[in-house]
Every structure is written in C-alpha cells, then in structure tokens.
Amino acid sequence: MSPEIKIFSTPIAVAKAFAQMIQDKSESVDRLNIALSGGSTPKLLFDILAADYKSSIDWKKLHFYWGDERCVPPNNEESNYLMTRKHLFEHIELPQANVHRILGEDNATEEAENYGNILMDQLPIVNDLPQFDLIMLGLGEDGHTASIFPHQMDLLTSDKICAVANHPTSGQKRVTLTGPVINNAKGVSFLVTGSGKKEKVDSILKGKDNHEQYPAAHISPKSGGLTWWMDEAAFELI
Ligand code: 6PG
C-alpha cells in the first residue's frame with residue numbers, strides 16, 4: 001500500500017499541520033499512545049504544540065513513549081527525553097505519569113527488556129505485539145529511522161519488542177523499538193524536513209534500486225497507516 005504524502009512549503013508549516021493532526025487524533029479517543037522520535041527535527045513541532053496547543057489539547061489523554069533513546073542520563077544534552085522536556089513538557093499541563101521515558105542511564109540490555117515489558121503491560125496487544133496509536137519517526141541522512149541503522153538491519157525483523165542498537169560512527173548505545181513493533185502501529189508518521197534528506201526520500205519513496213539498504217524503506221505498517229510529512233526541500237527530487 002502506498003504511503004500518504006503530505007508536502008508543505010516550510011518546516012514551520014509541516015510542524016503546524018502535524019500538531020493539528022495530533023490534536024485531531026486526541027479528540028476522538030480517551031487515551032492516545034504516542035512514540036516520539038528524537039534528534040532535532042521534532043523541536044519545532046514541540047515548540048508549536050507548547051505555544052499554540054497548550055490549552056486546546058486535553059494533555060492528560062496523551063501518553064508519551066519514545067521510538068528510541070540514547071543511552072545517556074536524562075540530563076544529558078544527547079537525551080531525546082531532555083529535548084522533549086525542554087521543548088514541550090515544561091510548557092504544558094501533562095501528568096508526570098503520562099511520560100514513559102526509556103531509562104537511558106540504565107544498563108542498555110536490561111532497559112531494552114524492561115521497556116519492552118512496560119509496552120506489553122501498558123499498550124493494547126495486537127498481533128501479539130504492543131500497538132501504538134501513533135509512532136513518529138525521523139529519517140537519518142543514512143536512511144536510518146528510530147535507532148535502526150543500515151549496519152543493523154536485523155533489528156527490522158527482531159523477535160524483541162525493544163533492542164540495543166549502536167550508532168554507526170560514534171558507537172553510542174541506543175535503545176530502540178524494533179521493526180515489527182513499529183510496523184504494528186495503527187499509524188506511523190515520518191516527519192522529515194530539509195534538503196539534507198532529499199536523496200534518501202527520493203530513493204525510498206520511488207523504490208529506487210538501492211532503497212532496500214535503508215531501514216526507513218522497510219517501514220510499512222500492517223494497518224496501512226503510513227504518512228510522510230515533509231517540507232518542499234526534503235521532497236525536492238520527487
Ligand atoms: C534519534 C532519532 C533519529 C532521528 C534521525 C533524524 O534518536 O536521533 O530518533 O532516528 O529521528 O536521526 O534526526 P534529525 O531530526 O536530527 O535530522
């Protein structure tokens with residue numbers, strides 16, 4: 001099934017539309033389980049949610065998880081949790097119990113197992129796997145997504161819920177959702193902006209001959225709910 005493609009003129013326009021989508025989804029449910037992506041792209045989205053949706057979203061309905069986390073303490077500048085706390089959580093009325101961070105400060109192997117158990121306990125189980133309502137993903141310039149990198153393609157078919165990954169150049173340990181969990185979500189939305197991503201976007205969305213080497217090319221939720229949210233710069237080659 002082909003993904004839905006949504007193109008906007010600027011990163012701000014993408015972020016505003018994505019924020020509205022989150023509000024729309026939250027209005028039709030009692031609880032929305034979202035796995036967030038990290039890195040830098042989500043910062044603008046979180047800033048817009050904090051500024052424009054502070055009182056229009058019923059935040060106690062939203063439960064925040066992560067698609068991946070760096071194995072660092074929560075006060076480390078590399079932490080995806082810290083980035084989200086600074087850009088979003090500190091600015092909204094969100095119950096602390098709704099924040100389900102990956103404990104990057106703990107032993108990676110143990111935390112991968114622990115977080116997987118938490119997801120099994122807290123999320124609906126569909127196809128014997130935890131099912132998120134929405135998984136937000138970024139796209140790395142090497143075609144990685146979450147922390148599934150091209151040198152660890154086996155994580156796309158792992159029988160684990162969460163696994164330990166390693167950044168290909170820094171070696172930094174990560175805890176990541178595995179491919180089967182990502183592809184078990186009700187909805188998966190890539191949030192991709194900037195010209196630095198345009199080659200991989202072109203390769204993946206056109207199914208070019210080398211696209212299968214990129215983990216992001218293997219994201220295809222069984223639900224059919226895959227959407228790419230991009231600015232024109234990321235979409236330029238299509
Ligand atoms: C992470 C992310 C990762 C990210 C991409 C894109 O922990 O870094 O989850 O998958 O989404 O690397 O990162 P940018 O948004 O910084 O380009």
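These legends describe close-up views of a predicted model. Local features need pLDDT of at least 70 and side-chain atom pairs count only at pLDDT 80 or more, whereas totals for chains, interfaces and linings use all residues. Numbering starts from 1 along each chain as its sequence is written, and side-chain values use heavy atoms, with hydrogens and water left out.

**View 1. The open sheet has 6 strands with parallel pairing.**
The strand order is β1-β11-β10-β7-β2-β3. Strands (E, at least two residues) and helices (H or I, at least four) are DSSP runs, numbered from the N terminus. Two strands pair if DSSP finds at least two bridges between them. At the edges are β1 (4-8) and β3 (62-66), each pairing on one side only. From one strand to the next, the twist averages 20 degrees.

**View 2. Strand β3 runs parallel to β2 (residues 32-36).**
The two strands are joined by 5 bridges. Leu-32 has Leu-62 as its bridge partner, and Ala-35 stands opposite Tyr-65. In a regular strand the side chains alternate between the two faces of the sheet. In β3, Leu-62, Phe-64 and Trp-66 lie on one side, with His-63 and Tyr-65 on the other. Both faces are covered. Because 5 of the 5 residues of β3 are buried, the strand is largely enclosed by the rest of the structure. Buried means under 20% relative accessible area, exposed over 50%, and partly exposed in between (1.4 Å probe, protein chains only).

**View 3. Helices α1 and α2 lie across strands of the sheet.**
Helix α1 (residues 11-27) lies across β1, β2, β3, β7 (134-137), β10 (188-192) and β11 (226-231). Its direction is at about 150 degrees to β11. Helix α2 lies across β2, β7 and β10, running at about 130 degrees to β7. Axes are lines fitted to C-alpha atoms, for helices over the stretch in contact, and angles run from 0 to 180 degrees between N-to-C directions. Contact means heavy atoms within 4.5 Å.

**View 4. The largest nonpolar core holds 69 residues.**
Such a core is a set of buried Ala, Val, Leu, Ile, Met, Phe, Trp, Tyr and Cys residues joined through side-chain atoms within 4.5 Å. Ile-22, Leu-45, Leu-49, Trp-59 and Phe-132 touch the most other members. Helix α1 gives the most to this core, with 7 residues. Leu-45 touches Ala-15, Phe-18, Ala-19, Ile-22, Met-136 and Leu-191, not counting residues up to four places away in sequence.

**View 5. Helix α2 (residues 42-52) packs with helix α3 (residues 80-87).**
Their axes are 8 Å apart, at an angle of about 35 degrees. From α2, Pro-42, Lys-43, Phe-46, Asp-47 and Ala-50 meet Met-83, Thr-84 and His-87 of α3.

**View 6. Helix α6 (residues 198-206) has buried residues.**
Lys-198, Lys-200, Val-201, Asp-202, Ser-203 and Ile-204 are buried. Their cover includes β10, β11 and α7 (232-235). Gly-207 follows α6, with a positive phi near 60 degrees.

**View 7. Ile-118 sits in helix α4 (residues 108-122).**
Ile-118 is partly exposed, with a relative accessible area of 25%. Ile-118 and His-100 are 18 residues apart in sequence. In space, their C-alpha atoms are 8.9 Å apart.
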